[in-house]
Amino acid sequence: MFEALKEGFIRTFIRDNRYKVFVQGFKNTIIITLTAAVIGILIGIVVSLIHALAQSARNKKRKTPGAMVLNVLDKICAAYVALMRGTPLAIQLMIMTFIIMGGFPNKVIVCCIAFGVNSGAYVSEVIRGGIASVDIGQTEAGRSLGLSELATLRLIVLPQAVKNILPALCNEGIAVLKETSICGLISVVDLTRAGDLIRSRTMSPYFTLITVALIYFILVFGLSKAVGRLERRLAQSDRH
Amino acid sequence: MIDIKGLHKDFGDLKVLKNIDLHIDKGERVVIIGPSGSGKSTLLRCMNLLEVPTAGQVIFEGTDLTDPKTDLDTVRCKMGMVFQQFNLFPHKTILQNMTLAPRYHKLMNEAQANETAMRLLDRIGLADKANVYPSTLSGGQKQRVAIVRALAMGPDVMLFDEPTSALDPEMVGEVLELIKELADDGMTMAIVTHEMGFAREVGTRVLFMDEGTIAAQDEPKAFFENPQNPRLKDFLSKVL
């Protein structure tokens, strides 16, 4: 029994320096997750900001050129969010690889962009929900004190919305981490693909797949715990 | 000071305000009463355009607020507003709540803003609360801070939207007392309230709103002692 385990370990990790494939895969998974998260957050901020401004312009019922431009942009953003949420990520990844960025040599960058663009849709919903969770009275108080739309958003609403946004944002990051496991579809060697490569060489699925699962689990579980702690921290500042 | 001409406000199919004409002079204290749903809060909120009228004009100190070219933020600096739900900013200390708008509008530098805020807090006996967060204050204290927060801007008129409706009964007195002090100082006010005794004591004119119109108005003594309008009679018989 022990001998068999030892043999499996050596075959999976030691022989031909196979651990290097895992390290390479792990590195790619982390790079893609972090870059996609940053891209997602940037897109999410822009989309939710456009939505917030377009909505308040609609409430004012003033038909200025600016308001109409905002309205069109908001419609485009809504279509983008619907598309990203309404189609499988695997398909989006392939469309990005073979159509939109067809021929682009660095597939890791393609992954970063595909996952980032997808995540942006979810992030925008998270931010939109966070802003909507702040009592409308806060906005009214800000506006009644002569603060502009943007100043009210920046000084009054967003600081309070962050409390709801941050934990959800971290959860979205965790989701991206798990979603990157489909990178193998376009032959990018991420952690999952690395495990699969080794498995096909050693013909012993146990060590590779369970190792890969364990690494994901440790990352996700650790991050989830950190988010939980963050949530409690933010809830505390309510009471002061 | 405030001139309202032919004001209409619809929410969808619901006509909340129907052709309101109202003139408020400097130094007047207009108290607005009426059954719920009669449009009294909407009328008040139209005065600083928190609610955008469907039709009609709101003219404040010679500026037409309904003109799309009007810079509402500047106008609102001269119109303080106090809300039923206080709407203090929970993520800011009491002092920060009070200095935020004056600093934002560069009406004062930091030292002046702090000095003004402390003088006002001292006046309401809450100077020792300057550096705590709103969540630690009682309802009455919150509302008194909300009132002096509006005063810190040096407004020409104060709009009160049911300032005591969200308070525990034992805290109503302290808030009404503060409003009376402002009245004695000659502040122009429009007050929506359900406190009939207060309306009579502090008002120079009382309006009765019913189904989106001003059904009756008079100076307080005649208004309460000798009501002519049958609906007003009915209303007073229920609330007095």
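Of the 240 residues in chain B, 55% are buried, meaning under 20% relative accessible area with a 1.4 Å probe and protein chains only. Welcome to a predicted model, in which local features need pLDDT of at least 70, side-chain atom pairs count only at pLDDT 80 or more, and totals for chains, interfaces and linings use all residues. Residues are numbered from 1 along each chain as its sequence is written, chains are lettered from A and ligands numbered from 1 in written order, and side-chain values use heavy atoms, without hydrogens and water.

Let us start with the overall form. Chain B holds nine helices and ten strands, which are DSSP runs (helices H or I, at least four residues; strands E, at least two) numbered from the N terminus. Some values for the chain follow.

| Property of chain B | Value |
|---|---|
| C-alpha span along principal axes | about 55 × 45 × 30 Å |
| Distance between centres of positive and negative side chains | 2 Å |

Those charged sets count 27 positive and 34 negative side chains, with Lys and Arg as positive and Asp and Glu as negative, leaving out His and the chain ends.

B:Ile4 touches, among others, B:Ile20, B:Leu22 and B:Val58, where contact means heavy atoms within 4.5 Å.

Note on methods
Buried < 20%, exposed > 50% of the residue type's maximum accessible area, 1.4 Å probe, protein only. Charge placed at Lys NZ, Arg CZ, Asp CG, Glu CD. Lists of a residue's contacts leave out its neighbours within four places in sequence.
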